[in-house]
Amino acid sequence: MSPALIEARALWVDVPAGRFAFARARPLAILAGVSLAIRPGEIVCMVGESGSGKTTFGRALLGLVKPSGGEILLDGTPLPDFSQRSFRAIRSQTSLLFQDPLSSFNPRQRIGAMIAEPRRIAGMGSARLEDIAGLAQQAGLSDRFLSRFPHALSGGQARRAAVARALSVVPRLIVADEPTAGLDVSNQGGVLNLFPGISKRHDTAFLVITHNRSVVRHIADHIVILYLGRMVESGPAAEILSAPKHPYTKALLEAEPIPDPTRRRTAPPVLGEVPSIAARPSGCEFHTRCPFVQPRCRSEAPGLDDSAEGRRVACHFPLPEPRPAAAHSLRTVSN
Amino acid sequence: MATDVTSIPAPPIAGEPGIPRRMALTFVEVVSHPLGAIGVLLVALIVLTALLAPVIVPYNPTAISVKERLADPSLTHLLGTDQLGRDLLSRVIVGTRTAMTVALTSLAVALAIALPLGMIAGYGPRWLDALFILLFDSISSLPMIMLGLAVVVLLGPGVSTVILVIVLYSVPSYARLVRTQTLSLKTRDFIKAEQAMNAGTMRILFRHVLPNVVGPLLILACLDISTVITLEAGLSFLGLGVKPQIPSWGNILSDGFSVIRNSPVPVIAGGVPLILATIGFTFFGEALRDALDPKLNPERKP
Amino acid sequence: MITFLLRRTGLAVVILVIVAILLFLMMHMIPGDPTVVALGPRSTPEMREAFRQMMGLDRPFIEQLGLFLARLAHGDLGQDVWSRRPVLTMILEVLPYTATLALASFLWAVTLGVLLGCIAVVHHGKWGDWLIGLVSIAFVAVPSFVVALYSLLVFAVWLNWLPAIGAGEPGDLAAQLRSLILPSFAVGLGWVGYVSRLIRAAMIEAMGEDYVRTLRAYGVAERRITYRYALKQALLAVLPVIAIGFGGLLTGSVFAEIVFTRPGLGKMTYDAVMSRNFPVVMGTVLVTSGLYVACMIIADAVTALLDPRVRSTL
Amino acid sequence: MTAPVLDLHGLSVNYGGVFPAVIGVDLAVRPGEIVGIIGESGSGKSTLAHAALGLLPKVARVSGDRFMLAGNDMLTAGRNTLARLRGPAAAMIFQNPMTAFSPVHTLGRQLRDLLWRDRDQTKAQKRERIVKALRDVGTPDPAGKLDAYPFQLSGGMLQRVAIAATLLMRPSLLIADEPTTALDVTMEAQILHLMRTLRDEAGVAILVISHHLGMIAEICDRVAVMYAGRIIEEGPVEAIFRSPGHPYTQALLDCEPALILPGIGRLPVIAGEVPRPGGPGCDFVGRCRHAEERCRSGAVPWQALRADPGHHARCHRSAS
């Protein structure tokens with residue numbers, strides 16, 4: 001097995017406890033030891049509620065947030081340290097798509113110049129107009145926007161411009177933070193269709209950070225679920241979707257309302273709120289909300305069982321294989 | 001997502017208008033603004049007087065003629081004469097030139113210093129930022145007049161001293177503005193995006209931070225012209241500004257003050273142009289700010 | 001809360017030390033004999049020798065600085081070159097006058113400023129808002145010493161309603177108050193305009209917040225929304241700026257003290273400069289900076305206490 | 001058929017006479033009924049929601065044949081009648097709970113200020129009512145919440161407090177403008193469940209606005225679909241989701257990723273842009289697969305669909 005394109009081992013990110021906290025106040029862990037390997041051409045979806053640390057993980061991989069512990073490996077070789085210099089290698093082969101694309105554009109720079117920015121920074125020669133138009137076209141953005149300023153773009157157009165910029169240095173990994181946030185149903189598909197295409201054509205790996213179940217269902221090869229900065233389950237998409245082992249994963253997948261009035265749920269799948277990282281629950285940190293909680297869960301934190309190939313779960317009582325669920329009555333799409 | 005109910009969508013922008021056309025558009029908007037109209041008129045009057053001073057001045061402003069001492073305004077001396085018999089109109093006209101040269105030079109110098117300092121403080125490492133803040137706070141804790149007095153004691157009065165004092169006073173407030181703007185830009189995703197593309201610090205500062213910081217800074221500089229004119233006049237009023245023989249509204253007022261019980265004319269002659277200039281530039285600045293960037297409220301103190 | 005104040009005071013002390021060093025450096029940066037520079041050509045040799053001795057100018061530079069700072073720490077700001085009186089006591093004599101002037105101007109100006117700001121917001125967009133805006137901007141623009149001169153000219157010289165000179169006899173409260181009116185008017189006028197513009201901008205911003213829409217969605221009276229909610233948020237934003245500004249008031253009071261020949265910190269510094277009394281200049285500058293820095297601490301404390309969002313992080 | 005709490009007929013909203021945002025809307029919400037409005041950004045659904053409670057800015061002009069809210073004629077209502085109505089007649093919760101409360105006042109004080117009508121009640125009595133309302137919406141430690149500030153609570157919790165505020169008014173109509181869009185899916189499920197219990201127990205009529213099809217299907221009895229300022233289809237939720245009459249509704253359901261089998265390759269998209277409201281003919285003509293010549297101009301009929309009477313669509317094709 002060739003080494004992973006990029007791998008995090010027990011990645012840890014701390015935040016000082018309060019604005020005037022002194023050194024002795026215990027720092028709070030946003031990421032508490034997350035390990036993940038991403039292979040070329042693979043689309044990994046990282047799922048979790050707000051505060052689970054998923055956005056922080058994406059930024060920590062590129063050093064935009066300084067990790068406090070653990071290791072990051074590029075093509076198998078670990079980074080010497082977490083200084084900005086050592087992240088240069090990763091950044092030259094990675095692109096980051098932000099949750100709010102408009103805020104990731106310089107308001108006083110035209111879209112064309114912005115798309116060519118990575119090329120100019122990497123010193124890959126002057127960005128000829130055809131190249132930029134080609135990139136825009138690849139991302140489904142018409143080239144009449146190239147001379148415009150960012151504030152003239154709609155949400156969907158801004159997202160496509162961000163993808164065009166990401167493609168301009170043919171990255172080996174694209175980290176996409178909530179790629180469909182704020183998009184209407186009618187153009188959500190437009191953005192989602194880009195990822196598999198790019199992945200096949202350039203063998204680009206994707207780390208997609210989202211809490212949208214339908215994004216996961218359609219583009220994920222591999223799924224990772226985070227809770228309070230720890231990984232609770234990960235594995236191939238098909239298995240996780242059809243047979244989630246961790247109660248939290250099951251709750252997350254069921255929480256999303258299905259647009260079919262005949263398949264409504266009687267009660268919310270999980271109650272309560274995400275606890276604050278300043279007051280982490282004892283034992284298994286999900287026990288305060290878990291419908292299947294047992295006394296052991298309250299006292300003892302579960303280890304990460306990775307017996308099955310590529311499938312890991314952190315739960316004392318993983319859920320059994322569900323009996324074949326009634327076929328999800330879907331309308332076949334006639335187009 | 002829900003449309004923002006209160007904002008009416010702006011008409012589609014064909015292509016962005018070039019810089020010159022945008023400036024013309026802004027100028028029209030400033031003049032149509034009530035404050036702007038008054039401001040532009042006064043500013044034009046002041047600037048023209050300053051430029052044409054050597055041509056339009058009726059007498060030599062420093063020519064003393066004791067017998068015509070404290071003459072009331074008359075056809076020969078439109079604004080009368082001061083306690084040394086010097087023609088007040090000429091001194092006011094040349095005073096305008098002094099005020100404008102001091103104001104514009106010190107503004108330019110202050111901006112040139114404050115821009116890089118502010119950006120470095122805002123973008124640089126935290127310890128450097130803390131150092132700059134300490135320096136800015138120290139200088140701005142020296143109240144301007146006290147700062148001026150201390151500097152003048154050591155370098156003696158004169159135009160260069162006044163400019164140095166005004167620059168020393170303005171740099172901290174401008175640098176602080178640039179620093180706050182840079183700090184807020186730094187949290188914006190587009191700077192993180194540049195960092196994620198391995199952009200060098202210099203590139204980020206000059207291609208991305210500078211264009212977004214210069215705009216608000218220039219607007220505030222316009223608003224600050226009247227403060228700088230006041231500073232120059234204040235220092236000259238205390239006899240610590242320009243040398244006494246060079247006419248300045250400040251020293252006209254100072255001489256007028258010493259003879260205020262004898263004749264109010266010098267005080268009025270020196271004070272009115274100063275008021276017209278300060279109000280003119282402030283109105284112009286306010287209108288410009290509303291036209292360009294309404295959310296910006298200046299940190300100016302009276 | 002205590003740790004927060006300790007940190008801020010520590011910072012303030014550091015600033016004062018920097019100011020002291022800056023002034024000390026200025027004196028040494030000038031070519032020529034520092035005593036001549038400091039005391040001026042007319043000073044007698046004995047005075048120069050006394051000054052040299054006092055500042056220990058013959059010793060190496062660093063030692064002089066150390067000596068200077070040590071004396072500062074004990075509150076010894078050196079002596080007035082002419083009267084030999086300790087600078088600190090001189091300052092303490094005049095400080096109350098400057099303080100009363102600053103406080104008087106500050107109180108009337110801020111109250112009127114907040115009032116005008118609120119009226120402007122209530123008449124937002126109508127002629128009242130425009131007029132108050134025009135007047136406020138004019139008040140901010142006009143230099144305070146011109147206001148001082150013209151109020152002196154009109155009310156003291158022409159109409160003779162109010163005293164033009166001095167601060168009234170110590171015992172006679174009425175005279176002191178009467179002599180306070182014109183100077184505090186001159187110093188405060190700029191503040192009326194500045195505060196009204198700040199309050200207006202902050203309240204308009206507050207009125208645009210989502211929670212105002214929620215209150216309106218429950219039929220809460222517009223007046224209660226404006227004065228209980230928007231005004232509180234506006235004051236929280238404006239108070240720290242005003243508190244820092246109070247420190248800057250001491251600059252404004254210099255002119256008023258000179259135009260109305262009132263005793264005060266500003267007048268004292270001005271006279272010291274004119275008579276080349278360098279130790280006094282150094283002393284007054286340090287005290288003024290000290291007051292300014294104190295206002296900075298008060299400004300932060302005000303924010304920390306009133307704004308729940310800041311208080312929660314302490 | 002009890003009288004509707006909200007009864008709109010031919011309602012239009014126009015900003016500054018220049019920009020029509022809502023055109024000729026007919027809508028009725030009956031007590032105990034949850035009506036949903038689906039629409040994408042720019043469809044005017046939020047403007048309609050705000051208009052229902054008279055919360056539009058001065059620049060907006062509201063006109064129409066009939067606009068009744070809980071028996072009051074809103075077209076002729078003056079400013080103080082409006083203020084009196086807001087709360088008891090209809091209450092509203094908004095999209096972003098984090099900014100829906102003042103950051104510098106405690107929640108207790110703000111909720112008490114909302115009870116300005118009950119002058120006869122003492123502070124303690126009001127406090128009791130507030131604590132009960134907070135408990136009814138499932139807030140843990142309700143008394144503790146009174147002294148808390150908004151920034152100390154999570155989005156989900158604040159939305160519960162917002163709903164508790166509406167409970168205090170005992171409104172006949174609850175309007176919810178994208179109530180769960182800013183929340184995590186787990187919290188969304190809890191809030192939707194809470195709204196349904198409100199309707200079942202208190203018989204409150206609810207008008208829900210969203211661009212999220214799943215949420216509308218989950219909670220609504222009837223659904224109206226808005227496009228470019230007009231309601232282009234309206235009917236019972238099963239009909240709308242099972243056999244949509246208007247091509248736009250059909251296209252929306254086709255694009256909904258949750259309804260499509262994974263592994264399909266390219267997800268469908270509705271090409272083109274939403275036109276500005278108020279254009280001739282059918283606004284969807286530029287993007288409609290079944291567009292015909294008659295769709296381009298002239299009035300588009302509002303037709304009852306074949307099977308059930310309560311299901312209408314604004315489209316030439318739907319009747320045939």
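1. Basis. This is a predicted model: local features need pLDDT of at least 70, side-chain atom pairs count only at pLDDT 80 or more, and totals for chains, interfaces and linings use all residues. Residues are numbered from 1 along each chain as its sequence is written, while chains are lettered from A and ligands numbered from 1 in the order in which they are written.

2. Sheet of chain A. S1(A) and S4(A) pair in the antiparallel sense over five bridges. Strands here are DSSP runs of E, at least two residues; helices are runs of H or I, at least four; both are numbered from the N terminus. Pairing requires at least two DSSP bridges between two strands. Glu7(A) has Leu73(A) as its bridge partner in S4(A). The open sheet has four strands, in the order S2-S1-S4-S5, with antiparallel pairing.

3. H1 (residues 54–61) of chain A lies across S1, S2 and S4 of chain A. H1(A) runs at about 115° to S1(A) (axes are lines fitted to C-alpha atoms, for helices over the stretch in contact; angles run from 0 to 180 degrees between N-to-C directions).

4. Chain C. Its secondary structure comes to 13 helices and zero strands. The C-alpha atoms fill a box of roughly 80 × 55 × 40 Å along the principal axes. Of the 314 residues, 45% are buried (20 or more other C-beta atoms within 10 Å of the residue's own, with C-beta atoms placed from the backbone).

5. Contact of chains B and C. Chain B gives 37 residues and chain C gives 48; contact means C-beta atoms, placed from the backbone, within 7 Å. H10 (265–292) of chain B is among the helices supplying at least two residues of the chain B side. H10(B) brings the largest share of that side, nine residues.

6. Helix H3 of chain D. In H3 (residues 107–114), the buried residues are Leu107(D), Gly108(D), Gln110(D), Leu111(D) and Leu114(D). Seen down the helix axis, they fall within an arc of 165°, so they line one face of H3(D). The arc is that of the directions from the axis to the C-beta atoms. These buried residues pack against H4 (123–136), H5 (142–146) and H6 (155–169) of chain D.

7. A residue in chain D. Ile175(D) touches Ala49(D), Ala52(D), Leu53(D), Ala90(D), Met92(D) and Leu207(D), not counting residues up to four places away in sequence.

Terms used. Buried ≥ 20, exposed ≤ 12 C-beta atoms within 10 Å, placed from the backbone. Contact = placed C-beta atoms within 7 Å.
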